[in-house]
There are 2 protein chains.
Amino acid sequence: MNFLEKKIVEQGVVEKGNVLKVDRFLNHQMDIELFNEMGKEFKKRFKDVEINKIITIEASGIGIACVVAQHFNVPVVFAKKSKSINIEGEMYIAEVESFTHKCKNQVIVSKKLINPEDKILIIDDFLANGCALQGLISIVNDAGAEVAGIGIAIEKGFQNGGKIIRNLGYRLESLAIVQSMDPENGTIKFLPQPV
Amino acid sequence: MNFLEKKIVEQGVVEKGNVLKVDRFLNHQMDIELFNEMGKEFKKRFKDVEINKIITIEASGIGIACVVAQHFNVPVVFAKKSKSINIEGEMYIAEVESFTHKCKNQVIVSKKLINPEDKILIIDDFLANGCALQGLISIVNDAGAEVAGIGIAIEKGFQNGGKIIRNLGYRLESLAIVQSMDPENGTIKFLPQPV
């Protein structure tokens, strides 16, 4: 097990309905040392890739993205989620459908913050069905910029988001890929990581 | 001018209605080097204060809090904003009224993430009327923990939030306090900072 898988086993909680609670270290309380380990690991995995900007989405992607950004020496842009269409100024907008919340959301980034020359690393905490991620990719493409890579903390390997993104040809690195979870005894199985 | 005041003058945009747009470096795109400067400065200003946890509020407080946390070697908890009352588990909830959005929001933190022994530094990007901040203080008090200090990036000194918080006896440090702004010529005046 790598450092993140260990943390998930130690402090994550498996609940019914394929819910994995990681609010002690990832998406409510945030373990900044762990985020720095993640930054080191992403830098290793994307060492051959030119990156000049990180994009993430509010709210739980922001902390990880900001700490990871220090390992790439780049700024971070976070996309905003909105249900309204009350937009001032020039914005890129992607309409995404949430599977967990059963509603449509808009993902929004100011046009002045993405340029066609940008080589972008997308960072997020979770990848399940991949709706939010698809919205971010759509915005980067709209801007004429390049998705240089995608770094995810925890991928739910039993849902389709990761497969879709990899099928589309994007370079996706997930630091922990959950194969299965058992809410009865709390066990979690991971898919093998690259050595 | 200090480093943050300089950045505001260089890259901030004054708009009508006392709006200061800082989305190029603070609350949409995030300048991580600047956040590290803020971390150093907060550590200097709170050097005599014992702090074991930082609390902030989604979304734009999170990035600053996570980078600042590295200068204190503490974890970060971010409070969630919600309009719903669909809460699972045990949560501290504060009802706050937003002046800018003219609606009521809930500020929510899981009870397991704040203990009575905690000495908490509250971090946020903006302080204007102080609604969100009052909600965070209320939650820390509910938990029986201590507000050891409050660190704000930009305070709008012509609004009442800062005065209220200081009158209540809290130790509040704002890295830039805007005294006045002129949307006609874009000038910004700051209140003097402690030397």
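1. In which loop of chain A is the place of A:A59? The residue sits in the loop between β4 (53-57) and α3 of chain A, where helices (H or I, at least four residues) and strands (E, at least two) are DSSP runs numbered from the N terminus. The model is a predicted one, in which local features need pLDDT of at least 70, side-chain atom pairs count only at pLDDT 80 or more, and totals for chains, interfaces and linings use all residues. Residues are numbered from 1 along each chain as its sequence is written, while chains are lettered from A and ligands numbered from 1 in the order in which they are written.

2. B:A59 lies in the loop between β4 (53-57) and α3 (60-69) of chain B. As background, most residues other than glycine have a negative phi, and most peptide bonds are trans.

3. The burial scale calls a residue buried if 20 or more other C-beta atoms lie within 10 Å of its own, exposed if 12 or fewer, and partly exposed in between, with C-beta atoms placed from the backbone. B:N18, found in the loop between β1 (13-15) and β2 (19-21) of chain B, has a positive phi near 60°, and with 14 other C-beta atoms within 10 Å it is partly exposed.

4. As to the overall fold, chain A contains five helices and eleven strands, and its C-alpha atoms fill a box of roughly 50 × 40 × 30 Å along the principal axes. The radius of gyration of chain A is 16 Å, which agrees with the value near 16 Å that a compact globule of 195 residues would have; the radius is taken over C-alpha atoms, and the globule rule is 2.2 Å times the number of residues to the power 0.38. Buried residues make up 43% of the 195 residues in chain A. Of the contacts in chain A with a separation of 6 or more, 61% are accounted for by residues 24 or more positions apart, a contact being a pair of residues whose C-beta atoms, placed from the backbone, lie within 7 Å.

5. Strand β9 (residues 146-156) and strand β10 (residues 172-181) of chain A run parallel and are joined by six bridges, with A:I152 standing opposite A:S174 in β10(A). Three bridges then join β10(A) to strand β11 (residues 188-190) of chain A in an antiparallel arrangement, in which A:S180 stands opposite A:K189. The hairpin of β10(A) and β11(A) has six residues between the strands, and there A:G186 takes a positive phi near 75°.

6. The same surface serves both copies, since 100% of the contact residues of chain A recur in chain B.

7. The contact between the chains takes 21 residues from chain A and 21 residues from chain B. On the side of chain A that touches chain B, the elements giving two or more residues are β3 (29-30), α2 (32-45), α3 (60-69) and β5 (76-82), and α3(A) provides the largest share, five residues. Strand pairing also crosses between the chains, as two bridges join β5(A) to strand β3 (residues 29-30) of chain B in antiparallel fashion, with A:V77 opposite B:Q29.

8. The residues touched by A:C66 include B:M30, B:I32, B:F35 and B:C66, not counting residues up to four places away in sequence.

How values were computed
Contact = placed C-beta atoms within 7 Å. Pairing = 2+ DSSP bridges.
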